[in-house]
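This report describes selected features of one protein structure, shown below.

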Amino acid sequence: MRAISNFFVKIINRFLPDPFLFAIILTIVVFIAGIAVTGVSPLKMLTYWGDPSGFWGLLAFSMQMALVVVLGSALASAKVCKKILRSIASLANSNRSAILLVTFVSVICCWLNWGFGLIAGAMLAKEIARRVPTVDYRLLIASAYSGFVIWHAGLSGSIPLTISGGYVLGDVTYQAGTDMTLFHPMNLIMVAVILVLMPFLNYAMHPDKEHTICVDPELLKDEGEKTYEIKTPADKLEHSRILWIITLVMGFVYIIYYFYRTVEQGGNIASALNLNIVNMLFLFLGLLAHGDLRRYVDAIGEASTTAAGILLQFPFYAGIMGMMVGTNENGVSLASAISNGMMAISNEVTFPMITFLSAGIVNFFVPSGGGQWAVQAPIVMPAADAMGIEPGRAAMAIAWGDQWTNMIQPFWALPALGVAGLSAKDIMGYLVIVLIFTGIVACAGFFCWAMFF
């Protein structure tokens with residue numbers, strides 16, 4: 001395993017460009033492929049790329065993701081949060097326990113909520129790197145990110161939560177409760193297999209001492225609490241306990257009411273954890289943890305540099321999505337052509353596996369759960385219905401494919417990389433192995449789902 005992972009690490013380090021250049025290359029590939037498959041003119045494809053629904057189509061989402069990184073990092077920099085991280089990290093006292101702990105915690109956190117898991121895993125990895133300086137830092141961060149491979153099979157999975165409320169296509173409504181998606185025995189078994197085995201898989205990839213790349217603990221050293229001098233009325237206002245308390249009360253009263261209202265309307269707390277409320281929780285927990293308005297403002301300022309990659313690259317991925325879903329006069333898009341081609345070679349047993357694989361391919365170019373569903377659901381759901389395949393299984397095949405190729409798609413790794421201070425090529429070599437492993441688990445799982453349930 002170590003030899004295989006070293007091979008992929010060398011290949012990735014040699015040939016994978018910076019994530020921004022990767023986005024540019026994907027843009028060119030999709031531009032050419034879209035013209036060839038759909039037959040639209042280059043100018044039309046360029047319009048799909050640059051229109052507000054294309055290049056600027058992810059502005060709100062980009063801001064949400066930037067806030068996930070900034071607010072999560074600011075929260076982690078609070079003294080009380082550092083103590084919690086140190087307490088968890090203290091369980092690691094060797095390379096083996098470091099990798100196992102980070103992977104295990106990351107999988108659980110990402111299953112609970114993907115936004116929280118992305119940041120929590122990276123922050124824990126940095127704290128463990130301070131305590132276990134002999135661990136390979138690249139593999140440690142890769143292990144933290146690897147937990148993201150099960151997010152869409154977890155409580156914040158957008159596709160299963162969407163279909164639980166009903167998906168309307170023409171005159172047909174496709175619906176599957178969470179008991180047939182997230183909490184279906186086969187989905188839980190696949191998640192459990194990954195939770196149990198992936199930590200050991202990650203540790204098996206740890207390089208020998210000669211090839212281990214460690215981080216200097218001094219570079220991760222806590223600089224301590226910043227001190228402030230209060231001399232002027234403006235200083236007193238910035239450090240006002242009254243304003244701090246009023247702000248906290250407003251924030252937490254709304255958050256409590258939000259969850260109460262969701263439960264009262266028949267929902268549950270897990271389904272209510274969307275990206276906006278997670279960011280709101282991060283914001284006000286960070287404000288509470290820092291104990292001071294001025295101190296929190298400074299923490300946000302220090303954390304904001306970690307969001308640079310997101311702000312630059314997400315518009316290009318939005319443009320790629322625009323070209324993928326742009327249709328010709330017959331309603332054919334590049335994304336639908338890929339999906340239809342995969343569907344044409346499947347039957348009722350292999351259909352979910354083929355859907356999973358096609359979703360993995362589409363996700364490489366449309367790295368968004370909502371975008372993935374918009375592209376594939378109109379194709380997959382009617383085909384599944386015609387084959388007698390229940391909606392929940394078909395929807396989860398898309399969901400698993402969506403999360404699967406995130407392991408070699410730099411788009412989602414940016415938040416964790418921003419926290420860790422690494423580049424995509426530092427971790428992608430290890431994540432190729434994770435991709436292969438989870439692909440085998442998913443294919444076997446969907447085969448068993450068809451045969452035994």
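## Lining of the second largest pocket

Helix H5 (79–89) supplies five residues to the lining of the second largest pocket, the largest share. Helices here are DSSP runs of H or I with at least four residues, numbered from the N terminus. This is a predicted model: local features need pLDDT of at least 70 and side-chain atom pairs count only at pLDDT 80 or more, while totals for chains, interfaces and linings use all residues. Residues are numbered from 1 along each chain as its sequence is written, and side-chain values use heavy atoms, with hydrogens and water left out.

The space in this pocket is about 380 Å³. Of its 19 lining residues, Leu75, Phe116, Ala120, Met123 and Phe282 are the closest to its centre. Besides H5, the elements giving two or more residues to the lining are H4 (59–76), H6 (95–112), H7 (114–131) and H14 (275–290). By class, the lining has 18 nonpolar residues, one polar and no charged. Nonpolar covers Ala, Val, Leu, Ile, Met, Phe, Trp, Tyr, Cys and Pro; charged covers Asp, Glu, Lys and Arg; the others, Gly among them, are polar.

A pocket is an open set of points on a 1 Å grid over the protein atoms alone, where a 1.4 Å probe fits, with protein on both sides within 12 Å along at least five of seven lines; lining residues have an atom within 4 Å of a point. Points are joined across faces, edges and corners, and the volume is the space filled by probe spheres set on them.

## Thr103 in helix H6

Thr103 belongs to helix H6. Thr103 is buried because its relative accessibility is 0%, where buried means under 20% relative accessible area (1.4 Å probe, protein chains only). Leaving aside neighbours within four places in sequence, Thr103 contacts Ser143, Ser146, Met198, Pro199 and Asn202; contact means heavy atoms within 4.5 Å.

## Aromatic pairs

The structure contains 14 aromatic pairs. Phe148 and Trp151 form a stacked pair, because their ring centres are 5.9 Å apart and their planes lie at 10°. Rings of Phe, Tyr and Trp (its six-membered ring) pair if their centres lie within 6.5 Å; planes under 30 degrees apart are stacked, over 60 edge-to-face and the rest tilted. Phe148 is buried at 1% relative accessible area, and Trp151 is buried at 4%.

Phe356 and Phe446 form a tilted pair, with centres 6.3 Å apart and planes at 35°. Phe356 lies in helix H18 (residues 351–365) and Phe446 in helix H22 (residues 424–452), so this pair ties together parts 90 residues apart in sequence. Phe356 is buried at 1% relative accessibility, and Phe446 is buried at 0%. Elsewhere, ring pairs link Phe20, Trp49, Phe55, Trp56 and Phe316 into a cluster.

Methods:
Buried < 20%, exposed > 50% of the residue type's maximum accessible area, 1.4 Å probe, protein only.
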